[in-house]
Amino acid sequence: MVIFGVALLAICMLTGLFIGEVLGVLMGIEANVGGVGLAMLMLVLVIDHLKKRGKLSLPAQEGLGFWSAMYIPIVIAMSANQNVAAALDGGPLAVVAGVTAVVISWLFVPLLSKGAHQIPIEEEKENSMLAGGESNVSNIK
Amino acid sequence: MFQILSDVFIDNPLIVSFALVGITMYIAYFMSDKLTKGRIHGSAIAIILGLILAYAGGVWTGGEKGISDISIFAGIGLMGGGMLRDFAIVSTAFGANFDEIKKAGFSGVASLFIGVVLSFVVGVAIAFAFGYTDAVSLTTIGAGTATYIVGPVTGAAIGASSTVITISIAAGLVKSILTMVGTPFIAKYIGLNNPRSAMVYGGLIGTTSGVAGGLAATDPKLVPYGAVTATFYTGLGCLMGPSVLFLVTKAIIG
């Protein structure tokens with residue numbers, strides 16, 4: 001059933017966020033420490049485990065696929081939600097600091113990913129129809 | 001008549017947001033195809049349109065949440081809010097390859113620490129250049145340059161003034177917005193085309209919304225790798241900002 005996939009996703013997210021909150025409390029900081037990242041790792045492992053045993057039904061995969069296809073629309077809603085006016089009103093100091101940090105970080109990307117085999121991402125064979133949003137999206141040429 | 005229409009919109013906020021985002025994406029993909037012949041990706045244009053709407057909403061209402069401060073568009077706040085955003089980010093892990101994450105694990109973790117310190121140092125240096133000389137203000141602005149959450153968390157912890165906290169949030173917002181808009185344009189020059197560089201990218205830049213939006217507009221397959229590191233960045237920043245980074249800044253500035 002589709003809901004099984006969605007529920008699996010929800011359970012992973014809640015567990016990850018819970019661990020992230022606990023880590024935050026343990027470290028004495030008011031932030032969720034990597035909750036979403038932990039949830040993602042958990043989901044990757046659980047899916048891997050279930051798929052190998054053939055326990056992840058196609059409808060359940062569709063439930064997961066739907067939400068990953070909704071990802072870009074949600075990101076666009078998120079961008080429409082940003083406090084853009086405040087960012088620009090923050091004055092030259094904020095703009096210069098933000099822009100410089102991004103540009104310098106960009107320069108560091110090739111340095112740190114050096115030594116990486118430039119493996120192109122494997123074409124998703126089994127998920128191509130499920131990971132809906134991706135099929136109609138091509139790279140910038 | 002107009003009143004009735006507005007009531008229908010206000011009563012069904014999330015549904016309005018689906019329609020509005022769908023229309024925005026349709027326009028964006030149309031523009032991408034016809035005006036740029038596909039050179040600028042549709043989702044990059046859609047994100048820019050979203051930011052323009054956010055700016056218009058912010059100026060119109062004086063609020064903090066972009067277009068969603070206008071009551072008939074409140075659903076955008078729900079659709080693009082933290083809950084569904086995180087849910088969708090987690091779901092992208094469905095397409096990720098665990099072996100790739102393991103392989104890039106070390107450079108991912110290294111990039112996190114380098115990323116937090118790098119942005120912090122840049123922020124402090126620029127705040128200093130703009131005439132701030134006290135350790136509390138410098139640290140807060142430096143932390144805000146990491147992300148717009150680290151800034152206020154650090155500032156509140158070490159007792160910064162509200163003006164400085166506002167600047168730190170603005171610096172983080174500028175970073176996030178530039179990352180969303182700029183990533184697809186810079187990607188090919190910095191080798192951002194494989195899982196490992198995406199993980200490094202997430203760790204270096206760290207703003208989850210910026211990285212997630214920027215990678216989505218570059219190549220959606222890279223999103224889970226960038227997001228998995230970026231989501232640790234704010235936590236690490238909040239941990240280091242009020243502690244190590246503040247103490248070091250204080251020791252240097254005096």
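## Residue classes and the largest pocket

Ala, Val, Leu, Ile, Met, Phe, Trp, Tyr, Cys and Pro are counted here as nonpolar, Asp, Glu, Lys and Arg as charged, and the others, Gly among them, as polar. By that scheme, the lining of the largest pocket in this predicted model divides into twelve nonpolar, 19 polar and six charged residues.

The volume of this pocket is about 910 Å³, and its lining is made up of 37 residues, of which Gln82(A), Arg85(B), Tyr148(B), Ile149(B) and Ser209(B) lie nearest the centre. Two or more lining residues come from each of H1, H2 and H5 of chain A and, on the side of chain B, from helix H5 (82–91), helix H10 (162–186), helix H12 (208–218) and helix H13 (223–253). Among these elements, H10(B) provides the largest share of the lining, with five residues.

## The interface of chain A and chain B

Contact between the two chains involves 81 residues of chain A and 105 residues of chain B. The size of an interface is often expressed as the accessible area lost when the parts come together. Between chain A and chain B the buried area is about 8200 Å², with carbon and sulfur atoms giving 78% of it. Tyr71(A), Leu93(A) and Trp106(A) supply 9% of the area that chain A buries against chain B, which is more than any other three residues supply.

The side of chain A that touches chain B draws at least two residues from each of helix H1 (2–27), helix H2 (35–52), helix H3 (58–69), H4, helix H5 (84–89) and helix H6 (91–112) of chain A, and the largest share, 18 residues, comes from H6(A). Sorted by class, this side of chain A has 55 nonpolar, 19 polar and seven charged residues.

## Enclosed cavities

When the whole structure is searched, two cavities of 30 Å³ or more are found, and the largest cavity holds about 40 Å³ of space. The lining of the largest cavity consists of Ile76(A), Ala77(A) and Ala80(A) from chain A, together with Leu20(B), Val21(B), Thr24(B), Leu53(B) and Ile76(B) from chain B. Helix H4 (71–79) of chain A and helix H2 (13–35) of chain B are the elements that give two or more residues to this lining, and H2(B) gives the most, with three residues. By class, seven residues of the lining are nonpolar, one is polar and none is charged.

Terms used
Residues numbered from 1 in each chain as written. Chains lettered and ligands numbered in written order. Predicted model: local features only at pLDDT ≥ 70, side-chain atom pairs only at ≥ 80, totals over all residues. Heavy atoms only, no water. 1 Å grid on protein atoms, 1.4 Å probe; cavity = no way out; pocket = protein on both sides within 12 Å on 5 of 7 lines; lining within 4 Å. Points joined across faces, edges and corners; volume = space filled by probe spheres on them. Helix = DSSP H or I, 4+ residues; strand = E, 2+ residues; numbered from the N terminus. Contact = heavy atoms within 4.5 Å. Buried area = accessible area lost by both parts, 1.4 Å probe.
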